[in-house]
Amino acid sequence: MTDPETGEIRRLRVAYIHSSEEHRETAAARERALRKAEEQLQRVHNGLGGRYYKTRKQVDVRIARILDGTIEGLIHTTTATRHAKPTLTWTRDHDAINTAGQTDGIYAWRPTSPASA
């Protein structure tokens, strides 16, 4: 890499480390977040057409809050209206979950001393 201040070319060593413990913990945290989201989605589903979820728009707003953050894109939802009542279905995106898990427990580590030329 080129040092932006001096223009000097610097060589760096980077080691990629895999921690099996961190891998397990990250995967478990993702699973907990997915279960929590599914429980919240089920509560919304149970309340469809009721006091808080009278319209599809109200359901969509709540879903956006539930699926924000670390699980965004890991659960797909479909909302519609049937007989003037909102509907909701959801499924886990297993391909996206597998892709997210590919880097669990892997991180880059750079030793403090530069690589020799």
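**Helix packing and the hairpin**

Tutor: In this structure, H1 and H2 cross in a right-handed manner. The model is a predicted one.

Student: How are H1 and H2 oriented to each other?

Tutor: The axes of H1, residues 20–46, and H2, residues 56–66, come within 10 Å and cross at roughly 165°. Angles over 145 degrees count as roughly antiparallel. The orientation of H1 and H2 is therefore roughly antiparallel.

Student: Which residues in H2 meet those in H1?

Tutor: The H1 side of this contact consists of Ala37, Gln40, Leu41 and Val44. By class, the contact of H1 with H2 has 6 nonpolar, 1 polar and 1 charged residues. On the H2 side, the residues are Val59, Arg62, Ile63 and Ile66.

Student: Is Leu41 buried or exposed?

Tutor: Leu41 lies in helix H1. Buried means under 20% relative accessible area. Because the relative accessible area of Leu41 is 0%, Leu41 is buried.

Student: Which residues does Leu41 touch, not counting residues up to four places away in sequence?

Tutor: Contact here means heavy atoms within 4.5 Å. Two of the residues touched, Ile63 and Ile66, belong to the H2 side of the contact between H1 and H2. Ile75 and Thr77 are also touched, and these two have bridge partners in E3, namely Arg92 for Ile75 and Trp90 for Thr77.

Student: How many Å apart in space are Leu41 and Val59, C-alpha to C-alpha?

Tutor: Leu41 in H1 and Val59 in H2 both take part in the contact of these helices. In sequence, Leu41 and Val59 are 18 residues apart. In space, their C-alpha atoms are 9.6 Å apart.

Student: At roughly what angle do the axes of H1 and H3 cross?

Tutor: H1 passes H3, which comprises residues 94–101, in a right-handed crossing. The two axes come within 11 Å. The angle at which they cross is roughly 150°.

Student: How does that angle classify the orientation of H1 to H3?

Tutor: The axes of H1 and H3 cross at roughly 150°. The cut-off for roughly antiparallel is an angle over 145 degrees. H1 and H3 are therefore roughly antiparallel.

Student: Is Gly101 buried or exposed?

Tutor: Gly101 is placed in helix H3. Not counting residues up to four places away in sequence, Gly101 touches His23 and Arg30. Because its relative accessibility is 16%, Gly101 counts as buried.

Student: How does Ser20 count at 42% relative accessibility?

Tutor: Ser20 is found in helix H1. A residue is buried under 20% relative accessible area and exposed over 50%, with partly exposed in between. At 42%, Ser20 therefore counts as partly exposed.

Student: Let us turn to the strands. How many bridges join E2 to E3?

Tutor: E2 covers residues 75–82 and E3 covers residues 85–92. The two strands run antiparallel. In this pairing, the bridge partner of Ile75 in E3 is Arg92, and that of Thr77 is Trp90. The number of bridges that join E2 to E3 is 8.

Student: Which residue in the turn of the hairpin formed by E2 and E3 has a positive phi of about 55°?

Tutor: The hairpin has 2 residues between its strands. The residue in question is in the loop between E2 and E3, and it has this positive phi although it is not a glycine. It is His83.

Student: What is the phi of Ala84?

Tutor: Ala84 is found in the loop between E2 and E3. Ala84 is not a glycine, yet its phi is positive. The value is about 65°.

Student: Are His83 and Ala84 buried or exposed?

Tutor: A residue counts as exposed over 50% relative accessible area. His83 has a relative accessibility of 78% and therefore counts as exposed. With a relative accessible area of 70%, Ala84 is likewise exposed.

Methods:
Residues are numbered from 1 along each chain as its sequence is written. This is a predicted model: local features need pLDDT of at least 70, side-chain atom pairs count only at pLDDT 80 or more; totals for chains, interfaces and linings use all residues. Side-chain values use heavy atoms; hydrogens and water are left out. Helices (H or I, at least four residues) and strands (E, at least two) are DSSP runs, numbered from the N terminus. Buried means under 20% relative accessible area, exposed over 50%, partly exposed in between (1.4 Å probe, protein chains only). Two strands pair if DSSP finds at least two bridges between them. Axes are lines fitted to C-alpha atoms, for helices over the stretch in contact, and angles run from 0 to 180 degrees between N-to-C directions. Angles under 35 degrees count as roughly parallel, over 145 as roughly antiparallel, 65 to 115 as roughly perpendicular and the rest as oblique. A crossing is left-handed if the near helix is turned anticlockwise from the far one by less than a right angle, and right-handed if clockwise. Ala, Val, Leu, Ile, Met, Phe, Trp, Tyr, Cys and Pro count as nonpolar, Asp, Glu, Lys and Arg as charged, and the others, Gly among them, as polar.
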